[in-house]
Amino acid sequence: MGHDARVTEIYGGVETGGTWVVCALGTGPGALVAEHTFRTAGPRETLAQIAEFFEAHTRPAAIGVASFGPVDLNPDSPSWGHVTMTPKPGWSHAPVAPVLAQRLGVPIRFDTDVNAAALGEHRWGAGQDVESLCYLTVGTGVGAGLVIDGNPVHGLIHPEVGHLRIPHDRQRDPFAGSCFVHGDCWEGLASGPALAERWGADPRTLADDHPAWVLEAEYLALGILSIVCVASPQRVIVGGGVMERGCLLAAVRCRLPELLGGYLESALLGEEIDRYLVAPALGDRAGVLGAISLAQNGGS
């Protein structure tokens with residue numbers, strides 16, 4: 001009886017994004033019993049809406065929370081489960097996981113949104129056949145989650161690849177960068193807001209042959225080059241709103257091997273690059289599904 005009860009347990013997943021929050025209840029991509037999306041407001045209102053979603057449905061065994069960051073993932077820290085410094089107004093030092101744990105009375109597993117998306121793609125998506133992967137998102141910001149041997153990498157804080165310093169040729173691109181801390185870090189040069197600010201237009205309105213996309217592919221390839229050289233993941237999954245531009249992934253696939261210059265000998269970094277740099281299989285649901293996986297398997 002007890003074994004049967006465990007098999008039928010359901011889990012909650014939450015992805016808090018800079019613009020949208022997604023809540024879901026279930027056990028995986030094909031087995032969601034409830035789902036709800038709403039706009040991110042201030043922390044008090046947003047956390048109340050998350051709690052109300054779960055209070056209206058069957059009590060989950062645990063809830064995974066995939067949060068925009070930076071966040072505190074150290075379970076021994078007094079600020080575990082908090083957002084730390086963020087440009088999103090009102091959210092710096094917001095106690096996300098503790099508030100939900102207190103109100104809902106279920107175990108909360110907490111990680112970054114990109115780590116959760118990496119877990120989701122590893123379990124159910126484009127990374128099921130590899131032991132290590134990087135999930136990169138290029139949208140409102142630039143961020144990445146690393147999964148190695150099935151576990152997300154945390155480390156001292158957690159990886160923040162969006163703030164890598166990549167080569168910036170100011171003659172080719174005089175744009176100063178859009179990052180509120182670093183100016184022309186990777187995020188400051190290659191995020192959606194950086195594209196909009198540099199070219200003075202919504203990137204979605206720019207034609208495929210606009211010079212924006214050649215420059216964007218260059219910056220993305222330079223950042224991915226750093227990830228490949230440092231973490232050596234067996235696959236890099238590239239998602240986010242900016243990557244909805246059809247020509248972009250193909251352009252990055254062309255440029256990355258050129259930057260590597262044949263130094264790393266692998267067909268996946270050459271003629272089979274289309275099997276190495278891939279789009280997410282779960283689309284924009286990778287984060288909330290990864291949060292469910294986090295809830296099922298435990299975490300920080």
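Is T112 buried or exposed? Here are some notes on that residue and its surroundings, for anyone opening this predicted model for the first time.

1. **T112.** Let's settle the opening question. With a relative accessible area of 6%, T112 is buried, because the cut-off for that word is under 20%. You'll find T112 in strand β5, which covers residues 108-112. A polar atom of the T112 side chain sits 3.0 Å from the backbone nitrogen of N115. If you skip the neighbours within four places in sequence, T112 is in contact with A66, S67, V71, L73 and H158. Keep S67 in mind, as that residue comes back in point 3.

2. **Strand β1, the enclosed one.** Next, have a look at β1, residues 11-16. Six of its six residues are buried, so β1 is largely enclosed by the rest of the structure. Both of its faces are covered. Y11, G13 and E15 are on one side, G12, V14 and T16 are on the other, and all of them are buried.

3. **What β1 pairs with.** Which strands does β1 pair with? One is β2 (residues 20-26), which runs antiparallel to β1 and is joined to it by six bridges. In that pairing, G13 stands opposite A24 of β2. The two strands form a hairpin, with three residues between them. The other partner is β4 (residues 63-67), paired with β1 in the parallel sense over five bridges. Here T16 stands opposite S67 in β4, and S67 is one of the residues in contact with T112.

4. **A five-strand sheet.** Now for another sheet. Five strands make up an open sheet in the order β8-β7-β6-β9-β10, and the pairing is mixed. Its edge strands are β8 (151-152) and β10, each of which pairs on one side only. Helix α7 (residues 211-231) lies across β6, β7 (142-148), β9 and β10. Relative to β6, α7 runs at about 155°.

5. **Strand β9 and its neighbours.** Within that sheet, β9 (residues 236-239) is worth a slow look. V236 and V238 point one way from β9, I237 and G239 point the other way, and all are buried. With β6 (residues 132-138), β9 pairs in the parallel sense over four bridges. Y135 stands opposite I237 in this pairing, and T137 has G239 as its bridge partner. The pairing of β9 with β10 (residues 277-278) is also in the parallel sense, this time over two bridges. There, V236 has L277 as its bridge partner.

6. **Salt bridges, starting with E55 and R103.** The structure holds eleven salt bridges. One of them is between E55 and R103, whose closest N and O atoms are 3.0 Å apart. This pair links distant parts of the chain: E55 is in helix α2 (residues 43-55), R103 is in helix α3 (residues 96-104), and they are 48 residues apart. E55 is partly exposed, with a relative accessible area of 44%, and R103 is partly exposed too, at 41%.

7. **A pair within a loop.** R170 forms a salt bridge with D184, and their closest N and O atoms are 3.1 Å apart. Both residues lie in the loop between β8 and α5 (186-190), 14 residues apart.

8. **E272 and R275.** One more salt bridge to check by eye: the side chains of E272 and R275 meet at 2.3 Å, N to O. E272 counts as partly exposed, at 28% relative accessibility. R275 also counts as partly exposed, with a value of 46%.

Notes: Residues numbered from 1 in each chain as written. Predicted model: local features only at pLDDT ≥ 70, side-chain atom pairs only at ≥ 80, totals over all residues. Heavy atoms only, no water. Buried < 20%, exposed > 50% of the residue type's maximum accessible area, 1.4 Å probe, protein only. Pairing = 2+ DSSP bridges. Polar contact = N/O pair within 3.5 Å; in protein donor to acceptor, adjacent residues only side chain to side chain. Contact = heavy atoms within 4.5 Å. Axes fitted to C-alpha atoms, helices over the stretch in contact; angles between N-to-C directions. Salt bridge = Lys/Arg side-chain N within 4 Å of Asp/Glu carboxyl O.
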